[in-house]
Structures are given as structure tokens and as C-alpha cells.
Amino acid sequence: MEPATDDDVVLLTVPADGGYLSVLRTATAGLAARLHFALDEIEDLRIAVDEACAMLLAIAPRGADLECRFSVTEDALTVQVSVPTVRGAKLPSESSFAWKVLTALTTAASAGAADGKATITLLTQRTSA
Amino acid sequence: MAFTVMPETGDTRTATVRLAGELDMSTVPELDTAITQLVGTGRNRLVVDLAELAFCDSTGLACLVRGDNRCAEVGGWLRVTNHRGHVARVLAVSGLDEFLQYQP
């Protein structure tokens with residue numbers, strides 16, 4: 001899912017605090033609108049990003065930053081969100097309700113952990129013409 | 001849009017709670033508190049009006065289910081009404097719309 005190098009990339013770093021979820025939702029909707037996603041697709045992506053960030057915030061230490069990387073191609077938006085994690089913390093399993101929401105609302109969703117950071121990657125392909 | 005919880009007490013057992021704005025992990029505690037306060041005054045039948053709610057995620061849904069459980073512990077229920085747009089879709093995707101739908 002590594003995007004090509006000529007994508008437009010938007011980076012947004014906010015404090016890992018639930019109060020900033022609305023900012024990330026708004027940014028997501030704005031970028032999806034730029035790609036001419038349909039209104040339903042924008043709504044789905046908005047909630048997917050919210051759910052992914054909420055999962056990460058639950059395992060982030062106080063005072064951490066939440067990093068979002070939006071990668072824009074002609075017909076797809078890839079959103080990668082990551083936080084440093086508290087020791088021993090784990091993301092919910094892929095059978096959890098939150099994961100079911102993520103996979104239902106996006107083209108592809110995946111999670112990974114490395115170097116003390118957890119990352120969730122969401123890919124949404126535009127289906128409308 | 002700021003999140004607001006507007007409880008209106010009906011008779012001694014019922015209350016309507018109108019929500020406006022966005023219900024997510026940062027605003028869920030406000031709704032939790034309002035539900036706890038209403039149940040504390042003996043109201044165990046809560047109708048949550050979602051007409052002006054613009055956003056709800058799974059933490060918001062969990063809060064509504066928690067509220068219903070809290071009411072059920074004292075012989076009542078929590079139901080939702082007037083959901084539309086995105087909020088209606090989230091309730092439908094989760095299957096909670098049938099379970100939590102207010103039927104007067």
C-alpha cells in the first residue's frame with residue numbers, strides 16, 4: 001500500500017487527545033471532497049478516520065502526538081495514522097467491533113506496530129465516476 | 001459545531017434528551033453524565049432525540065447502549081429518535097437502529 005512518490009502528501013500532527021478528532025474528520029472530509037468523492041464516501045471515510053484515531057488514542061501515552069499522513073492520488077486517498085504507544089499496549093483485535101467498522105467503511109484497512117509506534121493505514125478508492 | 005446535551009424532564013419517570021453537534025470520544029462523557037443524573041432523579045425512560053446530531057462514532061453508540069443498560073438496571077430503557085443522514089447510517093451499519101429505535 002506504499003503510495004507512489006508523485007502523490008500529493010498532506011501531513012497533520014495534532015496532540016493525541018480526543019478533542020482533536022473533529023479537526024482530523026474535517027481535514028479528511030476536505031481532502032476527500034478535493035478528490036470528488038461522493039458525499040456517502042466522504043462520510044464513510046470521515047468515520048473510518050475517526051474510529052482509527054480513537055483506537056490509537058486509547059493506547060497512546062499522555063502528551064503524545066498523533067501523526068496523520070494523507071496521501072492523495074487521482075482516485076484514492078490513503079490515510080496513515082500513528083501514535084507512540086504505552087508499553088505493552090495493543091490495538092483491538094481484527095474481530096473487534098471497531099475493526100469491523102473500519103473494514104466495512106474503507107477499501108482496505110491494516111494495522112502494524114514497530115519501534116514503539118502503532119499505525120493504522122486506511123485506503124479508500126473512489127468508486128464514483 | 002459545539003456538542004450540547006439538552007435534557008427535558010417529562011413526568012417523574014421519563015425524560016427527553018436532545019443532542020446537537022458531534023458525539024465522539026471527547027463529548028461522550030457529557031452524555032454519560034447527563035444520563036447518570038437523569039437516572040439519579042428516578043427517570044428510567046429516556047428518549048434521545050438525534051435530529052440535530054451531526055456525527056456519531058462507535059464510542060457514541062457504546063454510550064447509548066451503556067445508557068440503555070443503566071436504565072434497564074432500574075426497570076427502564078433508553079431509545080433514540082429522529083436520527084437521519086450519517087447518524088442513521090451508523091446506527092443501521094451497527095444494527096442498533098432496530099434495537100434502540102423509539103416506538104411510542
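Tutor: In this predicted model, helix H1 of chain A passes helix H2 of chain A in a right-handed crossing. The two helices, residues 21-34 and residues 39-57, pack at an angle of about 145°, and their axes lie 9 Å apart. On the side of H1(A), the contact is made by A:Leu21, A:Leu24, A:Arg25, A:Thr28, A:Ala29, A:Ala32 and A:Ala33, which meet A:Ile42, A:Leu45, A:Arg46, A:Val49, A:Asp50, A:Cys53, A:Ala54 and A:Leu57 of H2(A). By class, the residues of this contact comprise 11 nonpolar, 1 polar and 3 charged.

One of the residues that H1(A) brings to the contact, A:Arg25, also forms a salt bridge with B:Asp24, in which the closest N and O atoms are 2.8 Å apart. This pair crosses between chains, running from helix H1 of chain A to the loop that lies between strand E2 (14-23) and helix H1 (28-40) of chain B. Side chains of opposite charge can pair when their charged atoms come close. Over all chains, a search of the whole structure finds 12 salt bridges.

The structure holds 1 cavity of 30 Å³ or more, and the largest cavity has a volume of about 100 Å³. Of the 13 residues that line it, A:Ile47, A:Val101, A:Leu105, B:Val90 and B:Val93 are the closest to its centre. H3(B) gives the most to this lining, with 5 residues, and the lining as a whole divides into 7 nonpolar, 3 polar and 3 charged residues.

Technical notes. Residues numbered from 1 in each chain as written. Chains lettered and ligands numbered in written order. Predicted model: local features only at pLDDT ≥ 70, side-chain atom pairs only at ≥ 80, totals over all residues. Heavy atoms only, no water. Axes fitted to C-alpha atoms, helices over the stretch in contact; angles between N-to-C directions. Helix = DSSP H or I, 4+ residues; strand = E, 2+ residues; numbered from the N terminus. Left-handed = near helix turned anticlockwise from the far one by under 90°. Contact = heavy atoms within 4.5 Å. Nonpolar A, V, L, I, M, F, W, Y, C, P; charged D, E, K, R; others polar. 1 Å grid on protein atoms, 1.4 Å probe; cavity = no way out; pocket = protein on both sides within 12 Å on 5 of 7 lines; lining within 4 Å. Points joined across faces, edges and corners; volume = space filled by probe spheres on them. Salt bridge = Lys/Arg side-chain N within 4 Å of Asp/Glu carboxyl O.
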